[in-house]
Amino acid sequence: MTSTAPPRPFVVQSESPALLLDGITKTYRSKAGAVDALRGVTYQFTRGSFTAVMGPSGSGKSTLLQCAAGLDQPTKGMVMLGGVELGGRDEVALTKLRREQMGFVFQAYNLLGSLTVYDNVALPLRLTGRRPRREDVYRVLDQVGLEGKAKRRPAELSGGQQQRVAIARALITGPAVFFADEPTGALDSSTSRQVLTLLRQATDRTGQTVVMVTHDPVAAAFADRVLFLSDGLVAGSLDRGDAARIAAAMSELEG
Amino acid sequence: MFFLSRQTVRRHRSLYAGSFVALAVGVFLLGLAATATAATVAYDGPAAASITVDLPQADPPQQVRVPLSDADVSGLQTVLSLVAVISGFITIFVIASTFAFAVASRRREVGLLRLIGATPRQVRRMVLGEALVVALAAAITGAVLAQLATPLLLAKASYTELAPVKLEPASPWVPLLIAISAGLVVAMLGARSAARRAAKVAPVDALREAELEPTRIGVVRIGFGLLFLAGSIVLLALIRPGTGEAVIPLSMFTPMLLVIALTLLAPLVVPWIGRLWALPLVAWTRVSGRLARSNVVATPRRSASLAAPILAISAIAGSMVLTLSFAADAAAATIRDTLRAPIVVTAPEHGAAVRERILGTTGIAAADGAIPIDLIRTDGDSAEVETAEGIDLAAATRTRALSPISGDLTNLTGKTVAISKELSGFEGYDVGDEITVTYLDRTADRLRVVAILPTAPGVTASMVLPPELARQHAPEATPSQWFILPAQGSDAGALVTALNERLTGTGASAVPAVEWEEAQGEALRQGNRFGLILLLGPAALYSAIAIANTLLMGSLQRRHEFVTSRLLGATPAQIRRMVLWESSLVGAVALSLGTAITVTVGVLIRRAMTDGMSDVPATVPWTVLLGIAGLCLVLAVGAALAPTAFILKRSHPGAAME
Ligand SMILES: Nc1ncnc2c1ncn2[C@@H]1O[C@H](COP(=O)(O)OP(=O)(O)O)[C@@H](O)[C@H]1O
Ligand SMILES: [Mg+2]
């Protein structure tokens, strides 16, 4: 993979964290009764860090990610992204924040099937009303290793290639924070590696912050730190662990 | 966003094909109505066949040329405008529901757009842009087809009862432009609510597993539903005795309002009616009926969209068919009650000879042959051709029921007129008022109203003149029908035979009044049938396409669900049965609502029209009504099953894993 000039200057390390969760609780109410998905989570994601969020199924990982990205309102608590509080903002303000500051990669259904790879990647810029520059689009496509695939449609790509298009689309706006929910959940191990390497590069080369939900210890080993969730609470963390240690910590949590 | 709209339309061709077909056909019908109307407007009747009258009270005072009935195209114009109204209504309706459907089945995609930075406004503009792309293509296609079909329609319409002249195509630009713009406006109106709903999709919807729509329906929708319901109740209350002729248009517009109201409220009512109809299904079938019920009940919005076109056409067509049948019943009863003479002679020609021969026949107590006379009635700023008659009171009061509702018929001498209750009600004439008329000999006159008579079309004209006045201004006219009262003690049957013997060679013939009444009723129903085919034909064709369209789209959307059910062990036959019951259930729910509207309107219409009459037969055209219902059901079930069978044949259960 060729490395070209970063899409934006290095984020200046400052005192404020990239993402701050302060006493987040989230209660879903439905006919069947109330579910406490998060029961008071406080955590700081430092700038330029790559954090994996792990935990048993139903422990609140996805809920945490959605609250952190302003996709859902926490029942209580505060979320600050890049020094800006998300609470109490309207849809338009949140949307603008999202398209300038955040990038998203999910397990599947990430792309618009009606658009070519080029148009999918350029879409966030078009949505901001900017005219995408060809060289910018081709540069991020190069960066994720999709040279020459610009004219294809998603249906003509493999799952791993589709995920890389999604990462290119997240890269193009140069977001401060990447949110990824099980980005490798539907991929085999070698394509998983490629996708995770790209996320790793986002922190290493351009100082972006990555928050990734995963249940796979091998994927989590790409992170600087693993945050364990259990039953809506932070159950611990592990720095610079390898897959074996992470797996052991997980089974301890589940057991 | 327009760039995105164009791309998505191309991608979701099958979703938008439905909207495209619906709108193209709608614009085609509107365009055809518009070009044909242009042809009638451009038609310039021979100057000799029209009369120019002054309208001094008009603002500004003016002269108008009134075409005489021989070369009149206004009948066709009326029919065309009604066709345009009905087609336009059904088009708005169908477009709104197909767009809503197209958006509802793309929740996840819209959520993804929101996630990567599209504002609600951008999403709304994208959906409107998609509508515009589809609408432009569809409207132009429809207009081109209309232009191609215009000469055919005009050839068919020329020399008919509605337009007894030769019609030539006029310049198509203005009418087609109107049809295209109408189509675009309709599409944008229909797309608006869909766009608004798309803008409400939250970014998290891109991440949620289920692609289900929320089942709650908006307060705004309920509010509008109740508003339309209130409006239709007001109209229903107007369908009462004394409203007169206006009940016929009311019977057309009230069902339209009710259809809108019930469609808006449908997500609330569909589950209840669905459960009711599902009772026998659940009892008879093992699993497919249960599944069908939960699919219909659990997604009320989707079921409501599927039911909408069936509801619309069944209610509108049912109400019109029933109304016209009841109107014919009432008219036949009026003829029966008004005509006292037991014998009727119809005399198409040789009037003078007929008169002598009838009067020369023995055994006649009274022979009532009215002199028909056309005249132009001017009133303020309008001029209307009326068929009046000059009657011999001595005979006519014995052969027909002519007791005035107000005024006195003995005053019918000199420059006077007796008018029907209907004309009096319509124009506000009262006894003592003067009516300005112009005869076909171009002399103008002012006639004083001396009496108001019961309305009895077919027996007594809406304007009755003294015979001298009629003869003076229509010296050539001879009676076209005679009402004959036999002398005391003479046998009506023998008199008919005697009359027919004497009338041989004149073209006239005598029949017992009962037979004549039957023939009149039959002619009326025949005319109604023709009108119904003209009015409802296009709408029915359109609805058929719409019903097939929505259900086809509905089934095509469910590929994943069908394949997953196969994986879970459902046999293709079980899935087909489920779809069969489901579409029947949707059809039954829609037809129940349609029937409720039809019955309500029918009962009120009948009460209004038979007021003050007794023994009016009620002819319910069961074959036509059941035929409409049956066709709707067959179309719905067929359109749901065909794609299901196709999907099941083309995919194996493993496809669910993809
Ligand atoms: N939209 C929702 N409505 C109701 N309950 C929900 C919703 N989303 C998640 N939950 C519940 O909240 C809890 C946490 O869910 P989630 O964050 O998805 O967990 P994870 O991603 O760790 O598996 C679970 O018990 C789940 O059932
Ligand atoms: Mg999850």
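In which helix is the place of B:Val282? B:Val282 lies in α8 of chain B, residues 247-284. The model is predicted: local features need pLDDT of at least 70, side-chain atom pairs count only at pLDDT 80 or more, and totals for chains, interfaces and linings use all residues. Residues are numbered from 1 along each chain as its sequence is written, chains are lettered from A and ligands numbered from 1 in the order written, and side-chain values use heavy atoms, without hydrogens and water.

**View 1. B:Val282 in helix α8 of chain B.** Helices (H or I, at least four residues) and strands (E, at least two) are DSSP runs, numbered from the N terminus. B:Val282 counts as buried because its relative accessible area is 14%; buried means under 20%, exposed over 50%, partly exposed in between (1.4 Å probe, protein chains only). Neighbours within four places in sequence aside, B:Val282 is in contact with B:Gly289, B:Arg290 and B:Arg293. Contact means heavy atoms within 4.5 Å. B:Ala292 is 10 residues from B:Val282 in sequence, and 9.0 Å from it C-alpha to C-alpha.

**View 2. The hairpin of β1 and β2 in chain A.** Strand β1 spans residues 19-30 and strand β2 residues 33-45. They pair in the antiparallel sense over 10 bridges; pairing takes at least two bridges found by DSSP. Between the two strands lie 2 residues. A:Thr27 stands opposite A:Asp36 of β2(A). In a regular strand, side chains alternate between the two faces of the sheet.

**View 3. The interface of chain B and chain A.** Here 23 residues of chain B are in contact with 24 residues of chain A. The two chains bury about 2200 Å² between them, 68% of it on carbon and sulfur atoms. Buried area is the accessible area (1.4 Å probe) lost when two parts are put together, summed over both. The chains share 1 salt bridge. A:Glu91 forms a salt bridge with B:Arg114, with the closest N and O atoms 2.2 Å apart; the cut-off is a side-chain nitrogen of Lys or Arg within 4 Å of a carboxyl oxygen of Asp or Glu. On the side of chain B that touches chain A, α1 (2-11), α4 (107-115) and α5 (120-157) of chain B each supply at least two residues.

View 4. A search of the whole structure finds 0 disulfides over all chains. The test is a pair of cysteine sulfur atoms within 2.5 Å.
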